[in-house]
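Q: I am new to this one and would like to go through it piece by piece. Can you put it up first?

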Amino acid sequence: MAEDETRYRQAEGLEITHVPDGWVIYQETSDRVHFLNPTAVLVFELCNGRHTRAEMAFILSAAYQLTASPADEVESCLSEMLAESLIVPCPSS
Amino acid sequence: MPVILIRTLTREFRIHVDAQDAAGVLAYIETRPQICGPALRSIDLVVRRVGGFYHLALPDGIVAEGTASHLLDAIHQATFKSFVEEVPGAPLIHGASIRIDGAPILLIGATGTGKTTLALRLVERGHVVEGDEHVAVRASDLVARPRTLRVKADSSRFVPTLATEILAAPSIPEWNGSLIYSVSPAIGGNPWQIAPILAPTLVFLEPNHGGHTVAKPVSVERAFGCLMAACLMPNGKAEAAARLRRVAREAQAWEMSLGDLEGAEKHLNRIASSAMHLH
């Protein structure tokens with residue numbers, strides 16, 4: 001099966017505030033507040049239009065010196081952020 | 001001429017009333033705590049009888065005319081607006097601010113959870129109550145909104161030593177005709193003082209009518225969620241939510257299923273003692 005080449009970017013209109021243990025994000029369109037823990041913040045930051053899911057998992061693995069790939073965790077995190085419209089897929093080039 | 005005093009955090013509204021009957025109604029919103037901080041700025045307002053109604057020119061060019069009850073609503077709105085202006089960007093937690101042996105505790109819960117009755121019980125036992133409606137989360141501390149306790153007649157039976165004073169306090173009728181009383185936290189003999197709150201313990205109340213009171217610690221995540229659900233948010237919600245996150249993260253937090261008041265008091269004493277050891 002071909003590798004998923006989808007990349008993501010952060011949605012527009014998010015108001016982000018840093019707190020000691022993560023980020024608080026206010027989304028004006030839905031009038032919802034989200035809290036991202038440091039790992040979710042890292043995934044969110046990697047949603048800059050340049051990284052695929054597999055690349056994100058690789059970067060997290062290196063950052064946290066993990067022995068196993070966190071592919072499932074990245075998948076779950078991206079799914080939640082997509083469901084909450086915090087990120088959107090980039091149009092394929 | 002009777003004068004009704006209503007203090008907010010930086011202002012003292014002095015409402016001069018030229019009619020005794022209107023003064024009796026407006027006494028309900030009299031609010032006279034000692035406010036820690038700079039001297040309050042006085043704002044003099046005059047209620048005049050005009051025909052069968054009353055007239056009051058409020059700050060910002062607002063004019064209220066009508067019955068004494070109508071003026072009471074207008075003054076209430078104006079003083080609440082004043083308080084909100086004094087705490088810019090602050091989310092308002094729906095809760096009571098109390099101090100047990102000096103340890104600040106917020107009792108947080110929706111209307112009907114027993115917050116006011118518990119606050120009264122604590123007043124009766126000599127503890128400090130600053131307010132039981134809103135607590136503003138400022139950038140570096142918290143502060144209670146100056147407001148009297150609003151007590152239903154039925155609640156007075158839970159605090160027998162205060163019942164006579166409660167039932168003599170200024171009152172207004174509710175929609176169903178029963179009276180609700182405006183009771184100063186000074187009723188128990190302690191001065192009513194409002195001071196900045198640092199590192200409070202959070203206690204989220206749930207009603208357990210007729211049962212025993214039970215308390216259990218809760219996680220930061222749960223505390224943050226409960227705070228978000230119990231807040232009035234200002235504009236600038238991300239910053240406001242970040243303030244709540246900091247409070248949740250730095251506080252000890254508990255959930256209290258509020259049944260018997262004696263049990264609640266015991267739990268709160270234990271919680272306060274635990275907080276004092278931590279600090």
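Q: How many residues of domain 1 of chain B are in contact with domain 2 of chain B?
A: Eleven residues of domain 1 of chain B touch 15 residues of domain 2 of chain B, where contact means that the C-beta atoms, placed from the backbone, lie within 7 Å. This is a predicted model, in which local features need pLDDT of at least 70 and side-chain atom pairs count only at pLDDT 80 or more, while totals for chains, interfaces and linings use all residues. Residues are numbered from 1 along each chain as its sequence is written, and chains are lettered from A and ligands numbered from 1 in the order in which they are written.

Q: By class, what is on the domain 1 side?
A: The side of domain 1 of chain B that touches domain 2 of chain B has seven nonpolar, three polar and one charged residues. Here Ala, Val, Leu, Ile, Met, Phe, Trp, Tyr, Cys and Pro count as nonpolar, Asp, Glu, Lys and Arg as charged, and the others, Gly among them, as polar.

Q: Where are the two domains of chain B?
A: Domain 1 covers 3-86 and domain 2 covers 92-278; the bounds come from an automatic or database domain assignment. Their centres, taken over C-alpha atoms, are 25 Å apart.

Q: How many helices and strands are in chain B?
A: Chain B has seven helices and 19 strands. Helices (H or I, at least four residues) and strands (E, at least two) are DSSP runs, numbered from the N terminus. Its radius of gyration is 19 Å, close to the 19 Å that the globule rule gives for 279 residues, so chain B is as compact as a globular protein of that length. That radius is taken over C-alpha atoms, and the rule is 2.2 Å times the number of residues to the power 0.38.

Q: What share of chain B counts as buried?
A: Of its 279 residues, 45% are buried. Buried means that 20 or more other C-beta atoms lie within 10 Å of the residue's own, exposed means 12 or fewer, and partly exposed is in between, with C-beta atoms placed from the backbone.

Q: Why is helix H3 of chain B called largely enclosed?
A: Nine of the ten residues of this helix (residues 115-124) are buried, so the rest of the structure largely encloses it. Among them are Lys115(B), Leu118(B) and Arg121(B). Just after H3(B), Gly126(B) has a positive phi of about 90°.

Q: And Gly61(B), buried or exposed?
A: Gly61(B) counts as exposed, with 6 C-beta neighbours inside 10 Å. It sits in the loop between strand E5 (53-57) and strand E6 (63-66) of chain B.

Q: What about Glu255(B), where is that?
A: Glu255(B) is in strand E19 (residues 253-258) of chain B. With 19 C-beta neighbours inside 10 Å, Glu255(B) counts as partly exposed. Setting aside neighbours within four places in sequence, its contacts are Phe204(B), Glu206(B), Ala215(B), Lys216(B) and Val218(B). Val203(B) is 52 residues away along the chain, yet its C-alpha is 5.6 Å from that of Glu255(B).

Q: Switching to the two chains: how many residues does each give to the contact?
A: Chain B gives ten residues and chain A gives eleven residues. On the chain B side, helix H5 (220-229) and helix H6 (237-250) are the elements that give two or more residues. The largest share, eight residues, comes from H6(B). By class, this side has five nonpolar, no polar and five charged residues.

Q: What pattern does chain A follow along the sequence?
A: Chain A reads β-β-β-β-α-α-α-β. Of its 93 residues, 28% count as buried.

Q: Which residues of H3(A) are buried?
A: Val74(A), Cys77(A), Leu78(A) and Met81(A) are buried. Seen down the helix axis, the buried residues fall within an arc of 95°, so they line one face of H3(A); the arc is that of the directions from the axis to the C-beta atoms.

Q: What do they pack against?
A: The buried residues of H3(A) pack against strand E1 (8-10), helix H1 (38-46), helix H2 (53-63) and strand E5 (87-89) of chain A. The face turned away from the buried side carries the exposed residues Asp72(A), Ser76(A), Ser79(A) and Ala83(A).
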